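Hello,

Here is the structure I promised to pass on to you.

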Amino acid sequence: MKPAPFEYVRADTVPEALAALGGADDARVLAGGQSLVPIMALRLATPEVLVDVSRAPELREHRSDGGVLTVGAGVTDRELELDAGVRAAHPLLVRTLSLIAHPEIRARGTLCGSLAHADPAAELPALLLATDGEVEVAGDAGRRRVPAAEFVTGPFTTALADGEMVVAAHLPLPGPGSGWAVDEIARRPGDYALAGVVCGVELDGAGRCAGARVALFGVAATPVRAHGAERVLDGAVPDDAALDAAAAAAFDGVDVIGDEVHASAGYRRRAGAALVRRALTAAVRAAGEGA
Amino acid sequence: MTGTGYVGRAVRRREDPRLLAGRGRYVDDVTEPRQAYVAFVRSPVASARIARIDTSAARSAPDVLAVLTADDLAGHCSGWRGLLSWPGMVAGEQTALATGVVRHVGEPVALVVATGRGPAEDAAELVEVDYEERPAVLDPVAALEPGSPLVHEELGTNLCFASPFGSGDVDAAFAGADTVVDVTVRTGRHTAVALETRGILAAFDRDERTLTVRISTQAPQMLQTLYARLLGLPENSVRVITEHVGGAFGMKAFVYPDEIAVAAAAMLLDRPLKWTQDRYEAMQSDTQARDERVTASLALTADGRILGLRSQVVSDAGAWSMYPRGCVTEGVQVATIMPGPYRVPAVAADLRVVYTNKAPLAVYRAVGHPPAILVMELLMDEAARALGLAPDEVRRRNLVRPEDLPYTSATGNVYDSGSHLESLERAVALLGPDGLEERRRDAAARGRLLGVGLAAFVELSAPGAMFYGAKGAPITAHDQVEVTLQPDGSVTVLLGTPGQGQGLHTTAAQVVADGLGVPLEAVRVVSGDTGVVPHGSGVWASRSAVVSAGAAHAAAVEVRGRVLALAGHLLEADPADLELSEGVVGVRGVPGTRVPVHEIAAVAYWGTHRLPPDLEVGLGAVGSYAGPPYTFNNGTHVAVVEVERATGLVRVVDYVVVEDCGVLINPDIVDGQIRGGVAQGLGGALLEQVVHDPNGQPQTSTMLDYLVPTAYDVPDIRIEHIQTPAPTTTLGTKGVGEAGTAGAPAAVHCAVNDALARAGAGGVFRQPIRPEDVLDALDRAPASR
Ligand SMILES: Cc1cc2nc3c(=O)[nH]c(=O)nc-3n(C[C@H](O)[C@H](O)[C@H](O)COP(=O)(O)OP(=O)(O)OC[C@H]3O[C@@H](n4cnc5c(N)ncnc54)[C@H](O)[C@@H]3O)c2cc1C
């Protein structure tokens, strides 16, 4: 299929991009195009103007600073994944990226594009949520930072207002003493997850859990924190019994979605709990090793 | 075998360099001067009356040349019925564009022609169609209830075809049985997902009144005949060209309404027209397959001997019986192949083929075999469990033995040769049963259940006219091949049946090089242009290694005889004393007499003054194949799977194939066919399914939702061959192109059920086996986890 006719604007700076976005009723940012272009080809999206930000120099940068990795909106998944600094500073991110599609797609797809796309089954929004990251947004009124928990507001919808764009994501680096894991269930490697989890556990000197972060993806309309699991773990010694109880509570209060084609809600809940158990075990082990 | 012995050697596929370098020529790669582009308006609903079509806005859109509906094509392209002379079969009349009624999502309703594909699609969105929706018929069992809505009002029923199959006293068999096991199995509706989607480039020469059609099809001559018939042209005025075809698997063996609509429009508009199908169109309008519901029971003695087999098969035909093969072949094969390689003295199968509001069901690689073999192998495993026998032992006790051959199955199939028992023994040996306990423990330590599944099977291949030709379709087995020795000693081979990536150009060259006695490099093979090649009925039913190879051999031997006759004259020797090998003629036993074949060929072309007038000088000959009504290959597959307890995910970790397709022309090519086939079968077992919502909307119209196996999903496949020559074919070959697909769904499925049984769980009886089916089965297990 051919997309409906559209105009293409290549923006070399953020102000140029904002001007182009403001200049049309239905303008969309184009990053790696790995989600947007297929849906345009199916004519499920018919933007009037595409504003390509993928080559703007100021968006092509990423840097680690003060315990935070900042990734510009033009940086591809593959660049991050292959970067020695990123590999050393944020192995959890690298592992998460490896679960996204295949290298060909990651060579074009961007981290910020994935956040903006807000697919409920995507890995990166859950990573941002679990690690308390922020999305940096630019608009006519200037720049603002949106905490992960407020950024994704529904399936494929975000807190971006008309005319706004994502310029960067800020990802706090996992600190020493904490252990992290990411895991997912996919029918074929590289597929969107039927259920996925990003989790982190921090241990105190006594081997108790000083804080747990568990974010689920692929199971609800948006990535969600598994507060049930986190509450079980907080302050507990993360032994088998505690991890069992945490996994059993992971879906408390989560409005799980299901469908005929990929997996029912019941499956996602049940296999998802087992997945959480496995990921928490890995996170606790990593925390123990790091401490 | 004559000559130098290329047959049997794994020579490199000559097709590959071009295809691998991206220099293949598929339909979309070719552009004609003045070419315009087609896009279709397709039905967005499963069942509706078309109340009104308004094309005015589309017609006046930029760059649009024409917008056509059924009314516009009515006088230019006849309708058809996909009927074969099966007793009682009924089929509705189909037209190139839907006439008055739409019967499945994706059915073509209007055709837009524009100077570019983009504008054609833009204008297609402007065509207004008012649909009066009707309740969709989706469940083929409910469709037979009185009062069900009808897919084809004119037929007065949704039942397309019903028939019993089998012979022997089944009632007595069940009455006398010590053990009866039964299964109810549902296989998933598949579609072929060809890498090259369908497409056509049709050009009409109004002065010559000739139609040239480039099309991605398996059966060019069949389309030549049918396009001529439906478009009102003499057959010698229709030329069908297929260069490279990027996958077909049975799906491209039909007159498709959208394709012939493009041909009709090209004639009407006097302009070359191209249509290239999109993937979402493929997922909605290509033929589908494997939509079978089977209930079957097996009667056995206490020592595990089969007494009888009963089955009820309901086949979901979708909306149309595709022309000209029809929609009943799959169901018939499910019913008749089911006894497989086993001695089953009595069979009673009951088949019903039912219309529903889905894309048409038709033949797909290994037609009907996967469900048939699946059901039988599930029954064998249930029997093994019921009788406390090992799965291989219950099979061993029932497989056709060498002394039983030739064996006629209770459904009338004759197995003239094979290695039914031996293939099982070899497969078990290759699996290495001694190492299994350790593999099981290792898997358990990783939270996984190891399962082993066996599938012993026979596969019907290379069928003759009885399948279709005898029932009224232009499809037979008497293919032809023309072999010509050129003046310089090079050889041109024109194949009636096109080579489409299966390696037929390579294997045909091997057969001709041997049959004629020339080096392989001297042979060039051409196919896929009905203006050039002799007759053939296309690539389907694993036939080329039997039919094309047979015809190629016949032609090569004929040319060789002519060369030797000429050489006899020129060398003043008795042709019977001459030999031709690697392009050199010599007198047998006289080493000094060696004449390169090109010296003789040159005389036949340009030096005929040296020859007596009565000698045949033509060095080109057409060979025809005439052989048995079919061949049966046989084999055994073993799949080893790991089932993850926590998630229900299944991974195939080891795979063994023992295959007997008679004489191997090229072992590597056969292995490639088997590997690809196993991958497809694995997809059927674990991944692929066309899903509809309750209104008949397909939910799997992209490859995000319709899951095909990828390289990650397919294990290394260990293949061993047994070569039991076919007693009745020219070279002793049997067909094999579909055998991998035939056996794999059963082997993988039985392996999953074995893993589940070892955890105390009952099996899964549907395909694809989804992770949640596995978890559900584990949940129901009485044993603790
Ligand atoms: C075969 C395949 C498999 C895939 N599998 C996965 C998977 O397993 N997991 C997964 O997470 N993803 C998967 N993806 C999607 C892939 O990761 C996408 O690249 C990503 O989701 C979007 O990034 P992009 O840069 O390609 O964005 P684009 O496709 O360019 O844009 C996506 C959307 O985000 C908007 N957008 C992009 N950048 C900005 C910005 N800076 N500001 C505002 N809006 C913006 C666009 O307007 C558009 O609406 C898959 C894609 C394919 C083709």
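Below is what I found, going from the whole model to each chain and then to a single residue.

Please keep in mind from the start that this is a predicted model. The prediction scores ipTM 0.95 and pTM 0.97. For chain B, the average pLDDT is 96, and 99% of the residues reach at least 70.

Let me begin with chain A. You will find 12 helices and 14 strands in chain A. Its radius of gyration is 19 Å, close to the 19 Å that the globule rule gives for 291 residues, so chain A is as compact as a globular protein of that length. Of the 291 residues in chain A, 53% are buried. Taking contacts in chain A between residues at least 6 apart in sequence, 61% of them join residues at least 24 apart. As for charge, chain A carries 27 positive and 39 negative side chains, with the centres of the two sets 5 Å apart.

Now for chain B. Here there are 19 helices and 32 strands. The radius of gyration of chain B is 28 Å, close to the 28 Å from the globule rule for 785 residues, so this chain too is as compact as a globular protein of its length. The C-alpha trace of chain B spans about 90 × 75 × 50 Å along its principal axes. Buried residues account for 64% of the 785 residues in chain B. When contacts in chain B between residues at least 6 apart in sequence are considered, 80% link residues at least 24 apart. Chain B exposes about 26500 Å², with 51% coming from carbon and sulfur atoms. Its 66 positive and 93 negative charges have mean positions that lie 2 Å apart.

One residue to look up in the viewer is Gln94(B). Where does Gln94(B) sit in chain B? It is part of strand S5, which covers residues 93–94. Is Gln94(B) buried or exposed? Its relative accessible area is 3%, and a residue under 20% counts as buried, so Gln94(B) is buried. Leaving aside residues up to four places away in sequence, Gln94(B) touches Gly79(B), Trp80(B), Pro257(B) and Trp320(B).

Enjoy exploring it!

Best wishes

Key: Residues numbered from 1 in each chain as written. Chains lettered and ligands numbered in written order. Heavy atoms only, no water. Helix = DSSP H or I, 4+ residues; strand = E, 2+ residues; numbered from the N terminus. Rg over C-alpha atoms; globule rule 2.2 N^0.38 Å. Buried < 20%, exposed > 50% of the residue type's maximum accessible area, 1.4 Å probe, protein only. Contact = heavy atoms within 4.5 Å. Areas by Shrake-Rupley, 256 points an atom, 1.4 Å probe, with all protein chains shown as cover. Lys, Arg positive; Asp, Glu negative; His and termini not counted. Charge placed at Lys NZ, Arg CZ, Asp CG, Glu CD. pLDDT = per-residue confidence, 0-100.
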